[in-house]
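Biologist: I would like to go through the labels attached to this model and hear what each one rests on. Please give the cut-off every time a new label comes up.

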There are 2 protein chains.
Amino acid sequence: MRLAELSERSGVSTATIKYYLREGLLASGRQINATTSEYDDEHLRRLRMVRAMIQVGRVPVATVRKVLRHVDDESLGRTMRLGAALWSLPQVPEPDADDEFVRSAQGETEQLLETLGWSNARALVTISPAYRSLVVAVAALRRLGYDWSPELLVAYARLMHQAAVLDLDFMETHPSEAEKAEIAVLGAVLVQPMLQSLHRLAQEEESGRRYGFE
Amino acid sequence: MRLAELSERSGVSTATIKYYLREGLLASGRQINATTSEYDDEHLRRLRMVRAMIQVGRVPVATVRKVLRHVDDESLGRTMRLGAALWSLPQVPEPDADDEFVRSAQGETEQLLETLGWSNARALVTISPAYRSLVVAVAALRRLGYDWSPELLVAYARLMHQAAVLDLDFMETHPSEAEKAEIAVLGAVLVQPMLQSLHRLAQEEESGRRYGFE
């Protein structure tokens, strides 16, 4: 397809597509003559992903470039390819290891992983931004005097593991490794808001069941 | 306790506490003499909540004031009190009803609620921001060509309902209605990042289990 059709099918303006091409977020089309290039479905798919990251996920252009480099890196095994792509997304800063709540949250989080038997996640604690952001979130709740039992955290984690199984099952329905990595990144950027909405809606439903509406 | 102790126990500076007092986010203490007021545990609890909303949740001061008005409104039943407090938090804008993806996402979301038997949530669709943001999220995924089955959405929703049951069970361990409403608001602001971190960590665990690390 030509640039005009790519624009129409993606809903992205030709000016924006040209900008993505210049920034290296989209591979060049096949040159047909001096002024015309031909694009295919792979361009369309990549364009939708780039647009979603930038417009919906508010991911900076330089970060998108970094994520795509990992998505396209065929030298990586699948876990590391997905991991590297996801880990290039904006992450929480390193927690302050001198803070007493952070230190105790680290202990609590390590204990959690052990209780859950998540040995793969435990192998990644020194490099995983997900682990780091969990420590930050637990420390913030504890600092506020949130006084929950370790069992509650375990129960939430088991639910999120079931969600991860659904995520990967869905990802595996996509044929190529590059598409799988794309879906994983899009999921991180877009499925999260959907889960959050479902969660709030479920709270309203459950609240109505328990306490009625009067 | 005096202002200095309130500051020490909350970790909030006296200057910031005075600012919250001036802005009406914190009730005045009991005046002891011209320059000294006495504060109690309720002030401490409220102060932690206000700080969390502003510093962690990045909620604007005017919004915090609105949320607190609902938290403290004893004329409301519990569901509406929780709802009104949560709904004053920043929300997604109204989706564009002329957009074909939005319209089809509305249909899909209503079908979802019917399949789930969430009659309470269905009763709130015209006023619930959670419903609105779910429609927006589903429309965004569909526009990107995310081609999942309705069963997947149902499966995610059931997991989020189990999370909501955990949320409300935990909320019910808090004695007063005001504390319950506070916990619900804090949960919306703070538990969400924790769930998101658990979700990503679970994806890493599951990815390691399925594909190894090479």
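This is a predicted model: local features need pLDDT of at least 70, side-chain atom pairs count only at pLDDT 80 or more; totals for chains, interfaces and linings use all residues.

Modeller: Residues are numbered from 1 along each chain as its sequence is written, chains are lettered from A and ligands numbered from 1 in the order in which they are written, and side-chain values use heavy atoms, without hydrogens and water.

Biologist: Why is Glu42(A) called exposed?

Modeller: Relative accessible area, taken with a 1.4 Å probe on protein chains only, decides the label: under 20% is buried, over 50% is exposed, and anything in between is partly exposed. Glu42(A), in helix α3 (residues 41-56) of chain A, has 53% and therefore counts as exposed. Met80(A), in helix α5 (residues 78-87) of chain A, has 26% and so is partly exposed. Of the 214 residues of chain A, 54% count as buried.

Biologist: How do you know that helix α5 of chain B is mostly covered?

Modeller: Seven of the 10 residues in α5 (residues 78-87) of chain B are buried. They are Thr79(B), Arg81(B), Leu82(B), Gly83(B), Ala84(B), Ala85(B) and Leu86(B). The cover includes α10 of chain A, together with α4 (61-71), α9 and α10 (177-211) of chain B.

Biologist: What is Phe213(A) in contact with, leaving aside neighbours within four places in sequence?

Modeller: Contact means heavy atoms within 4.5 Å. On that basis Phe213(A) touches Gly208(A), Thr79(B), Met80(B), Asn120(B) and Leu124(B). Phe213(A) lies in the segment after α10 of chain A and, at 29% relative accessible area, is partly exposed.

Biologist: Why are Tyr19(A) and Tyr20(A) called a tilted pair?

Modeller: Rings of Phe, Tyr and Trp (its six-membered ring) pair if their centres lie within 6.5 Å; planes under 30 degrees apart are stacked, over 60 edge-to-face, and the rest tilted. Four aromatic pairs over all chains pass this rule. For Tyr19(A) and Tyr20(A) the centres are 6.0 Å apart and the planes at 50 degrees, so the pair is tilted. Tyr19(A), at 32% relative accessibility, is partly exposed, whereas Tyr20(A), at 3%, is buried.

Biologist: What makes Phe170(A) and Trp148(B) a tilted pair too?

Modeller: Their ring centres are 6.2 Å apart and their planes at 55 degrees, so this pair is also tilted. The pair crosses between chains, from helix α9 of chain A to the loop between α8 (129-143) and α9 (150-172) of chain B. Phe170(A) is buried at 12%, and Trp148(B) is buried at 5%.

Biologist: At what angle do α9(A) and α10(A) cross, and which hand does the crossing have?

Modeller: Axes are lines fitted to C-alpha atoms, for helices over the stretch in contact, with angles from 0 to 180 degrees between N-to-C directions. Helix α9 (residues 150-172) and helix α10 (residues 177-211) of chain A have axes that come within 9 Å and cross at roughly 145 degrees. The crossing is right-handed: the near helix is turned clockwise from the far one by less than a right angle, anticlockwise being left-handed. Phe170(A), Met171(A) and Glu172(A) of α9(A) and Lys180(A), Ile183(A) and Ala184(A) of α10(A) make the contact.

Biologist: How do you know that chains A and B are related by a two-fold axis?

Modeller: Copies are superposed by least squares on the C-alpha atoms of residues with pLDDT of at least 70 in both. Chain A can be laid on chain B with an RMSD of 0.0 Å by a turn of 180 degrees and a shift of 0.0 Å along the axis. That is the relation of a two-fold axis. Leu159(A) is the residue of chain A that comes closest to the rotation axis, at 3.1 Å (C-alpha). The same surface serves both copies, as 100% of the contact residues of chain A recur in chain B.

Notes:
Helices (H or I, at least four residues) and strands (E, at least two) are DSSP runs, numbered from the N terminus.
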